Amino acid sequence: DGGPMADSGGEEVVTTVFVAGFPADTHPRELDNLCRFMPGYVSSNVSTSKGMTLFALFDSPENAHAAISILNQQRLDRHAEGSEPMRASMARNNMREKAVATVQASRQALWGPAAAMVPPARLPPRSVPPPGRNPAA
């Protein structure tokens, strides 16, 4: 459902990624679309209160960490002189349901009702077993 998950102890499992380090001429729409096609992407929120930052909610911690490994230390604009690399990390808390609903409503207003019906991307099934596991066992 895109909402926060809880671990076995009832603690909220954080699945939101924080990204900063964008060029000054970056448009919020560029950031809003940055994670759209990543596996497990649910929603995002662009903040301009302390410079341009992005919070992106994913459906699992695994997909959030995968997004961090893709984004961290990459340059949004590889042709801009002096641009710094993006800094991606897990957020301290998840995006709240109200923020997710607000983002979805604004997308629907901008791009029409079909925008609200686009399902989040999913990771393909693993074809390689995790380290230490023998597939023949």
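**Sheet and core**

Reply: In this predicted model, 4 strands make up an open sheet whose pairing is antiparallel, and their order across the sheet is 4-5-3-6.

Me: By how many degrees are neighbouring strands turned against each other on average?

Reply: The value is an average over neighbouring strands of this sheet, and it ignores direction.

Me: Which residue in strand 5 stands opposite phenylalanine 18?

Reply: Strand 3 (residues 16-20) and strand 5 (residues 53-58) run antiparallel and are joined by 4 bridges. Within strand 5, the residue opposite phenylalanine 18 is phenylalanine 55.

Me: What angle does the direction of helix 2 make with that of strand 6?

Reply: Helix 2 (residues 61-71) packs on the sheet, where it touches strand 3, strand 5 and strand 6. Between the direction of helix 2 and that of strand 6, the angle is about 165°.

Me: Which element supplies the largest share of the largest nonpolar core?

Reply: This core has 17 residues, and those touching the most other members are Val17, Val19, Phe22, Cys35, Phe58 and Leu71. At least two residues come from each of strand 3, strand 5 and helix 2. Valine 17, leaving aside its neighbours within four places in sequence, has contacts including Phe58, Ala64 and Ile68. The largest share, 4 residues, is supplied by helix 2.

Methods:
Residues numbered from 1 in each chain as written. Predicted model: local features only at pLDDT ≥ 70, side-chain atom pairs only at ≥ 80, totals over all residues. Heavy atoms only, no water. Pairing = 2+ DSSP bridges. Axes fitted to C-alpha atoms, helices over the stretch in contact; angles between N-to-C directions. Contact = heavy atoms within 4.5 Å. Core = buried A, V, L, I, M, F, W, Y, C linked by side-chain atoms within 4.5 Å. Buried < 20%, exposed > 50% of the residue type's maximum accessible area, 1.4 Å probe, protein only.
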